[in-house]
Every structure is written in structure tokens, then in C-alpha cells.
Amino acid sequence: MSTSSRGAWASRSTFILASVSSAVGLGNAWRFPALCAKHGGGTFLFVYLLAILAMGLPLLMMEIAIGRRMRGGAVTALGGLNRKFEPIGWAATSNAFFIGTYYAVVFAWVILMMLNSWQFAPLTGTPAAAGELWTDLTRTTATTSGYHIISWPTVGCLLLAWACIWLCIRKGTDTINKVAKYTVSLPVLCLLVMAVKGVTMPRAGEALLQLFVPEWAELADPKLWIDAFSQVFYSLSVMMAIMVAYGSFLDRDSNIAVDAAIIALADLFISILASVVMFTTMYGTGLSDKVASLGMGATFKVYPTAIVSLTESGVINALFGFVFFFCLFTLALGSAFSILEGVSTAFADKFHLSKTRCTAVLCAVSGVISLFFTCGAGLAWLDVVDNWCNSFNLILIGILETLAIGWGFKTAKVLKEINRNTKSFRMPAWWFNTAVKVLSPLLLCLFFVWNLVTLFQGGGIYGAADNYSLLSNLVGGWGMMAVVFLSGFAVRLIVRHKAKSGFAETQTAWDDAEE
């Protein structure tokens, strides 16, 4: 399929902006600052940069390159390398589908808080009440009970979230080309505004010292290295079918090596900018001890507590609250629509479907599933599914993909595709081969084993983590994991059945791909 018939990026800058928008998500706003606070500030930044160079950048280049060469999503691209690799592509696509269903709910919570930011005004000076605002609005029980409790405001915001996602990807690259610049520039602008406010607050100097000055003794902590490499792996959108799909829309003369480096460094810059905002704001409002404990749920409780403590003016606090959650809105939107775009591209390529219709159906199906997470028990179930999607599925997919490409295919061919249009910056063979064939699979195996040990230590033989019900871990954990890794074999049966009605697969091998 030619580039013109399947869509293409309007320009090089559009591809970079769309990729940065995908990579920079809500995790940059709360997980990255929390890890900095947990692991000695500048020490974490130093190891994180090493992780980008050692694993993040090579894997990002690898996925963009195979997407461009094979002119297809994760399923088509990996299947073109070797038919046996196609189930890995389906696993990445299926896992991204599940991530999309619950990520949209987090997106909805952001919209809910943004639309209710006016409530920060009367809560000024009462941080405890502000911390409960999100709980009151969502009616969450934080347990796996309360299925009968429905937050209708959350349902309304979820419908709005899906409408935004669909509008952004309804025509593939045609619409993404138009919105990508806003889903990067707007959050950066908001973060800059909040950073200016942050550095003028009390204890701002102390906050910046805590963020940037290394504590080199922390280098001896193995959890620091695991957290830094894990954050790079999650942050750059690799192994989620996204970057392969985005690479498939690139021109043949695009410079993958340089573009990937720009994407990775932009992601790092925005993560640091978000950390400056979080550190200075939390220190300035007397909540410095809360930074290291920030998480998805805690974010909607801790940040409102900080917002109503900013000034004595309720109007200013409410305005700041709106800007803050609008920033999160733009961050969430860019990541949310990129997840669905990767899934839609994989299905449309494989089954020769209309991309527009495929996207609409996927948004509708995902939207119906995501309604489940709006009930009182939704947060707990979301926590379980999120833990398994990221701590187990995503890492196992990374192990399989790096082993497949590193040892089941010729990395020299992938490296040639990466370097085909670059002269000023070339990915060296020793760097790429070490990262893809040795370092990445070994590190990912370490992460996987570490997470398994942590899981079973906390919940017995079934790994019922975080004291959630056994049912939620069996269905939302083990069951969902089985669906993800069996999806490729299920699709193969569907294809065989469709073949009886005249359906014909199209698969191009790497060496036969369009030059």
C-alpha cells in the first residue's frame, strides 16, 4: 500500500509533534516527578538520561524503522519480518486496546476536574475539603465493591473524552496533522506559565535544589535503575503499536535517526519542566512530603490540596486550577488518540478495512467497555488492569519483540533502514546491536521477574495485589493477560474462516517492501 493511499504526515515537523504528543502523557506530569523525589532528584535525571541512550532511543528508532519499511501497523510490520512474529504484533495491539479503554476514564476525570475548577474558589484555605472534591465527584469507593454506584458527571465527561479522541483520529493522519501541534504546544505553554508561578513561590530554591542536585549515594539503590529504565520504556510509547503505526506514515526520505533523537529529548525536556512545576508548587504550599507518593489516584487529591493553598484569593486559585487541569487535558488527549490510532491502523491494515469506519467502531466499542470504570468500583478495577497492562503485558511484549528482531531477524537490515537518510548523526552498529540484542531483553526480563516477585509476595499464589479482590485479579489481571497473548492465534482462526469466503491476506516481506 502506498503512502498516499494509506495516509501520510503533512511534514516532518508534524510527525515529530505527533510522536512527542504520544510520548508525553499524564505519566510525565505525576510519575516522573514522583520518581525524581523518590530517588534523589538529579541522580534520577542522570540515570534516566543513561536509560534513554541505552534502551529508549534504539527501541524507538527500531519501531519507527520497521513501520516505515513495511508500510503497516505493528501486526503487518512484524508479520512481514517473519510470519511467526505476527502474534507479537497482535499482543501489542490488544494490550494497547485495553490501555485505551481505561486511559479514557482517567482523561474523563481530568475533564471533570477542569470543568469543576470553579469549586476551588470557595475551598480556599480548606485543603482537606479540596482533597475530597474528586472523590465526591466520582463517587469512587477505592475498593472492588460499589458496582451499583454510578457517577453521572463522570459518564458525561467520558462521552466528551471519547468524542475528543474520535475527532482527533477520525480521518487518520489528515486530522492528526491538524491537532498535533496543539497537543504539544498548549501543554508546554501551560507548564511554562505554571513554572513561572512556581519559581516565585516560597521555598522555590529549595525545591529546585532537591530536583536537580544529585545524591550520588542513591546510585547504589537497584530500584533507582529499575524505575529509571522502566519510566523510559513506558514514556516513549514503544511496544504499544503506536510508533510502528506512526512510522508507517513516514516518507521514504525521512531521517529516522535524527527525528527519534528529537522525540526522546523533547519527552525528557517536558518531563523536567513538569517536575519543576510540581516540585515548586508542592514545596511552596507546604506539601513537599507528598511529591514522592504521587500516583494516578493521589494526583486528583493532592494537587487540589496544593491549588487551594496557593494564595488567599479563591479566584486566582480557581484560575490556576483550571490552567493546571487544562494542561493535563492536553497531555491526556495526545496520548489517548495515539493509542487508538495504533490499534485502528493494525486492524485496518490486516483486514483491508476503511480506516475511518474502523476507527469509529473501535471508539464505540472501547467507549462502551470504559463505562464499567465509571462505577464506584471502577478505580480499583482500573488500578488492577493498569498494573497488569504495564507491569506484565507491556514488558513481556518488549521481551518478545526485542528477541524476535534481535535474534530472529537481521538487525543489520533494521539499522540500515534507520541510517538510510542520515549523515550528521548515525546510529552505530555496536550501540544498536547491544541495545536490541542484549541490554533490552536482559533488562526487561529483570523487570518482569522483579514485578512477579513483588506481585506474589503481596498476594499469594494468585498475586492478588493491593488487597483487591481475588476476582478482580483473576479477571482484570490473569484473564486479561491471556486475552492479550492469545489474541494473535484467535485472529489466525478468524482469517482462516474468512478465507473460505474469499478473503485474501496481503503480506510483504522485508526484502520485497517498496524501496
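Author: Welcome! Helices here are DSSP runs of type H or I with at least four residues, numbered from the N terminus. The model we are looking at is a predicted one.

Reader: Thanks! In which helix is Ala180 found, and is Ala180 buried or exposed?

Author: Ala180 belongs to helix α10, which covers residues 173-199. Buried means under 20% relative accessible area. Ala180 has a relative accessible area of 0%, so Ala180 is buried.

Reader: How far apart in space are Ala180 and Ala18, C-alpha to C-alpha?

Author: Along the sequence, Ala180 and Ala18 are separated by 162 residues. In space, their C-alpha to C-alpha distance is 4.9 Å.

Reader: Let's turn to the pocket. How do the lining residues of the largest pocket divide into nonpolar, polar and charged?

Author: The largest pocket holds about 1,500 Å³ of space. Its lining has 49 residues, with Arg31, Tyr234, Asp386, Asn390 and Ser391 nearest the centre. Among the elements giving two or more residues to this lining are α3 (26-38), α12 (222-235) and α18 (378-407). By type, the lining residues are 25 nonpolar, 17 polar and seven charged.

Reader: Why does Leu474 count as partly exposed?

Author: Leu474 has its place in helix α21. Partly exposed covers the range between under 20% (buried) and over 50% (exposed). Leu474 counts as partly exposed because its relative accessibility is 33%.

Notes
Residues are numbered from 1 along each chain as its sequence is written. This is a predicted model: local features need pLDDT of at least 70, side-chain atom pairs count only at pLDDT 80 or more; totals for chains, interfaces and linings use all residues. Side-chain values use heavy atoms; hydrogens and water are left out. Buried means under 20% relative accessible area, exposed over 50%, partly exposed in between (1.4 Å probe, protein chains only). On a 1 Å grid over the protein atoms alone, a cavity is a set of points where a 1.4 Å probe fits but cannot get out, and a pocket is an open set with protein on both sides within 12 Å along at least five of seven lines; lining residues have an atom within 4 Å of a point. Grid points are joined across faces, edges and corners, and a volume is the space filled by probe spheres set on the points. Ala, Val, Leu, Ile, Met, Phe, Trp, Tyr, Cys and Pro count as nonpolar, Asp, Glu, Lys and Arg as charged, and the others, Gly among them, as polar.
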